[in-house]
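Visitor: I have a model open and would like to learn how to read it. Where do we start?

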Amino acid sequence: MSGYGRGLRHLWALEEDMVFLNHGAYGATPRELFERQNEWRVRMEAQPPRFFMNELPDLVREAAGSLARFVGSTPDRTVLLENATSGMNAVLRSLRFAPGDRIVTTDHVYGAVRNTLRHVAGTADAQVVEVPLPMPLVDPDEVADSLERALDDRTRLVVVDHIASPSALVFPVAEIVGRCRARNIPVLVDGAHAAGQVDLDIDTIGADWYVGNAHKWLCAPKGAAFLAVGAHANAHGPDIHPTTISHAFGQGLTAEFGKIGTRDPSAWLCIPDAIAFHRRLGGRELRERNVALARMAGMVLATALDSELGGPAASFGAMVTVRLPCDADSTWENAGRIRDRLWQDHRVETLVAVVAGRLWLRVSVFAYNDEADFAGLPAAVRAALAADGAGRAASRGGWIEAEAGAGAGIAAIC
């Protein structure tokens, strides 16, 4: 599809006077999917008992099947959830740990997952090991190498992001899974940002459990996510159950997750329409275009701020991180204050994150973004830092790569 950028903005309900560079936070649902969701709600309320008892089970499995085929799993091993955090909880709270067991992850782990790990390990007197990863990342192999060095005979599980939320780095999950499998250690992948952002084939990755969202980069209505269980996962322990045990307990994966009580399933039922919308936008063409624009924008922004990217350009998808050149303490409180300055003073919606002891600006790119959205961003960032008392000159280093032709158009307007 041609015409990406501002010309597609009308397909979403986004406020017109803002620069929206935070699609990675909650996604953005197109207007046509609002309408489709409302159609499902009207059908649900027309005859609720018939809908929930007779129609919904098959409808849910149809939606799950459509998503399974899109992400490279199979329908009988794929179930729908409200969000990725629910899926991570379902897996982690279904597993059994003993005193002294180790759960290995990285220090780029999502905050909600970190808390879940703390809870699960705490109840069993197990240990959570966060492997530190440098920012900027110099070599993607560092991720797999660092994780592998942390494994020992007490390691019972590895939890790793496909695309880390705070750093935006795409991790080599297939390589990590392969190394863990060689040691008979199961892997749970947090793929909250992957579906619709990068090409995804879950069965090829080979993880024991893979959790993802459909309401982020696939643009389904909020509350659409999934859990895909690997073909060999049951060899590592008990069956996976939803955190809410209900009528279908003991009846198998799809039955249990399909019936945990009354809830609005309309977001789930819109998943096939969201996939169709994604494909109409270009599918792989859209994904590749978003990645290319994000990488170019990141390199130009880093150059303009005399700063650095969070890693090699090739380690990013449709989100990039750029180090903020500032003296502010690297706390989430300060990160939130700088983000608020960008919004309140400049109508720029983005994310400021704390990773590896520094503050990083995370920029997300989607179909409705184009080069114009980045024209005033360096000046807005400098002004926000100055207003916060955090701005300073910083020496540039790290991964600002001169790819042939990359960023030339953006550079001209920054």
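Guide: With a rule for sheets. Two strands pair if DSSP finds at least two bridges between them. This is a predicted model. An open sheet here has seven strands, and the pairing is mixed.

Visitor: In what order do the strands of the open sheet run?

Guide: Read across the sheet: β2-β8-β7-β6-β5-β3-β4.

Visitor: Why is one side of β2 and of β4 left without a neighbour in the sheet?

Guide: Both stand at the edges. β2 (78-81) and β4 (127-131) each have a single partner strand, so one side of each has no neighbour in the sheet. Neighbouring strands are turned against each other by 20 degrees on average, with direction ignored.

Visitor: Show me one pair. How many bridges join β3 to β5?

Guide: Three bridges join them. Strand β3 covers residues 102-106, strand β5 covers residues 155-161, and the two run parallel.

Visitor: Is threonine 105 buried or exposed?

Guide: Buried means under 20% relative accessible area. Threonine 105 has 1% relative accessibility, so it counts as buried. This residue lies in strand β3. Leave aside neighbours within four places in sequence, and the contacts of threonine 105 include Val128, Val129, Glu130 and Val131. Leu117, Leu147 and Val159 are also in contact with threonine 105.

Visitor: How do I describe two packed helices?

Guide: Use the angle between their axes and the distance between the axes. Take helix α3 (residues 48-71) and helix α11 (residues 271-280): their axes come within 8 Å and cross at roughly 35 degrees. From α3, the contact uses Ala63, Ser66, Leu67 and Phe70. From α11 come Ile271, Pro272, Ile275, His278 and Arg279. The residues of this contact divide into six nonpolar, two polar and one charged.

Visitor: Now the whole protein. Which radius of gyration would a compact globule have with 414 residues?

Guide: Near 22 Å; the protein has 22 Å, so the two agree. Along the principal axes, the C-alpha atoms fill a box of roughly 60 × 55 × 35 Å. Buried residues make up 55% of the 414 residues. The secondary structure comes to 15 helices and twelve strands.

Visitor: And contacts along the sequence?

Guide: Take contacts between residues at least 6 apart in sequence. Of these, 73% join residues at least 24 apart.

Conventions: Residues are numbered from 1 along each chain as its sequence is written. This is a predicted model: local features need pLDDT of at least 70, side-chain atom pairs count only at pLDDT 80 or more; totals for chains, interfaces and linings use all residues. Side-chain values use heavy atoms; hydrogens and water are left out. Axes are lines fitted to C-alpha atoms, for helices over the stretch in contact, and angles run from 0 to 180 degrees between N-to-C directions. Helices (H or I, at least four residues) and strands (E, at least two) are DSSP runs, numbered from the N terminus. Contact means heavy atoms within 4.5 Å. Ala, Val, Leu, Ile, Met, Phe, Trp, Tyr, Cys and Pro count as nonpolar, Asp, Glu, Lys and Arg as charged, and the others, Gly among them, as polar. The radius of gyration is taken over C-alpha atoms; the globule rule is 2.2 Å times the number of residues to the power 0.38. Buried means under 20% relative accessible area, exposed over 50%, partly exposed in between (1.4 Å probe, protein chains only).
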